[in-house]
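Here is a short briefing on one protein model. Please have the structure open as you read.

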Amino acid sequence: ADFKWRGSILRILALFALMIGTAHAETVTVDTYLGEVAVPKTPEKIVVLDLAAVDSLDALGVSVQGVPDATPPKYLQPAIQEVRKAGTLFEPNYETIAVMKPDLVIVGLRSNGAVEPLSAIAPTIDMTIEGQNMVVQAKARLAAYGQIFDLEEEAQTLITTLNQKIEEVNAAVQGRGKGLIILTNGGKISAYGKDSRFGWLHKATGLPEAAPGLTDKTHGEAISFEFIAETNPDWMLVVDRGSAIGQEGEAAQATLDNPLIAGTTAGQLGQIIYLDSAQLYLAGGGFQSMMRTLDEVLRAFIPRDS
């Protein structure tokens with residue numbers, strides 16, 4: 001059955017590859033996760049399988065015609081709720097996409113393994129944003145979208161706005177102590193260092209690490225409550241994975257409600273920041289996601305007497 005399914009897909013791909021190849025004469029070369037790629041300029045029908053890309057395109061006012069079948073952060077719901085579903089965050093629906101005959105397909109972190117098969121259907125670019133240089137990558141993606149959709153001035157305005165917000169947060173964070181980024185997953189907890197998927201919150205804001213040397217693994221470094229107590233961060237930035245993906249289970253506040261956490265400087269001073277996890281976890285690197293998260297940090301660091 002699997003062989004027959006794949007056979008039908010390949011026939012569809014071969015048919016539409018010929019049709020799409022000449023659909024756009026004008027191209028523009030843009031920077032992607034895989035290097036420079038020539039793509040159609042001002043494509044009209046776009047399938048996007050990455051929420052960070054949906055986020056940034058929405059910020060630029062670009063409408064898309066295909067999106068992943070996923071529960072997005074609340075602020076992104078208007079951008080995708082009435083849009084045709086073209087697969088999941090991890091697996092494209094190749095038949096649906098082929099029938100749509102898109103001018104451009106955009107994949108990202110969770111779907112970037114599908115670049116090659118999708119390229120047989122339509123021009124496909126990998127706009128993954130991850131890890132050590134997340135802010136740099138986020139701005140590069142905005143610039144690339146500006147080139148593709150002839151919105152370069154608008155993209156530069158967003159980049160300038162992001163830079164200004166980062167400067168504002170840096171000023172608020174300076175001299176206010178050290179922080180620890182943790183993710184809760186039910187009753188389990190992991191910590192994230194400056195080179196991790198959430199590490200941009202250290203690098204961009206200037207918040208020093210309370211526990212230098214943490215791994216940069218995707219799922220963080222498993223830690224204990226005792227580790228947090230010994231590290232004694234001045235601030236804790238908390239991501240609740242269960243909440244982010246709409247999973248039932250113990251919430252982050254319940255997981256961290258114990259004497260070891262309460263005894264830290266962060267616990268004693270009320271400096272535990274429970275971040276809006278869906279926007280950070282699902283759409284991390286999107287312009288709106290980053291701006292909203294930076295605003296959360298900024299609000300927490302504004303001095304109480306200001």
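The points below cover a helix pair and a sheet in this predicted model.

**Sheet layout**
- Five strands form an open sheet in the order β10-β9-β8-β11-β12, and the pairing is mixed.
- β10 (221-222) and β12 (272-274) are the edge strands, each pairing on one side only.

**Strand pairing**
- Strands of a sheet pair through backbone hydrogen bonds, either parallel or antiparallel.
- β8 (residues 179-185) and β9 (residues 188-192) run antiparallel, joined by five bridges.
- Here Leu 183 stands opposite Ser 190 of β9.
- β8 also pairs with β11, in the parallel sense, over six bridges.
- Leu 180 has Met 236 of β11 as its bridge partner.
- β11 and β12 run parallel, with three bridges between them.
- Leu 237 faces Ile 273 of β12 across this pairing.

**Burial of β11**
- Six of the six residues of β11 (residues 235-240) are buried, so the strand is largely enclosed by the rest of the structure.
- In a regular strand the side chains alternate between the two faces of the sheet.
- Both faces of β11 are covered: Trp 235, Leu 237 and Val 239 are buried on one side, and Met 236, Val 238 and Asp 240 on the other.

**Helix pair α6 and α7**
- The axes of α6 (residues 134-148) and α7 (residues 152-173) come within 7 Å and cross at roughly 160°.
- That angle is over 145 degrees, so the two helices are roughly antiparallel.
- The crossing is right-handed.
- Contact residues include Val 135, Leu 142 and Ala 143 of α6, and Ala 155, Leu 158 and Ile 159 of α7.
- By class, this contact has eight nonpolar, three polar and two charged residues.

How values were computed
Residues are numbered from 1 along each chain as its sequence is written. This is a predicted model: local features need pLDDT of at least 70, side-chain atom pairs count only at pLDDT 80 or more; totals for chains, interfaces and linings use all residues. Side-chain values use heavy atoms; hydrogens and water are left out. Axes are lines fitted to C-alpha atoms, for helices over the stretch in contact, and angles run from 0 to 180 degrees between N-to-C directions. Helices (H or I, at least four residues) and strands (E, at least two) are DSSP runs, numbered from the N terminus. Angles under 35 degrees count as roughly parallel, over 145 as roughly antiparallel, 65 to 115 as roughly perpendicular and the rest as oblique. A crossing is left-handed if the near helix is turned anticlockwise from the far one by less than a right angle, and right-handed if clockwise. Contact means heavy atoms within 4.5 Å. Ala, Val, Leu, Ile, Met, Phe, Trp, Tyr, Cys and Pro count as nonpolar, Asp, Glu, Lys and Arg as charged, and the others, Gly among them, as polar. Two strands pair if DSSP finds at least two bridges between them. Buried means under 20% relative accessible area, exposed over 50%, partly exposed in between (1.4 Å probe, protein chains only).
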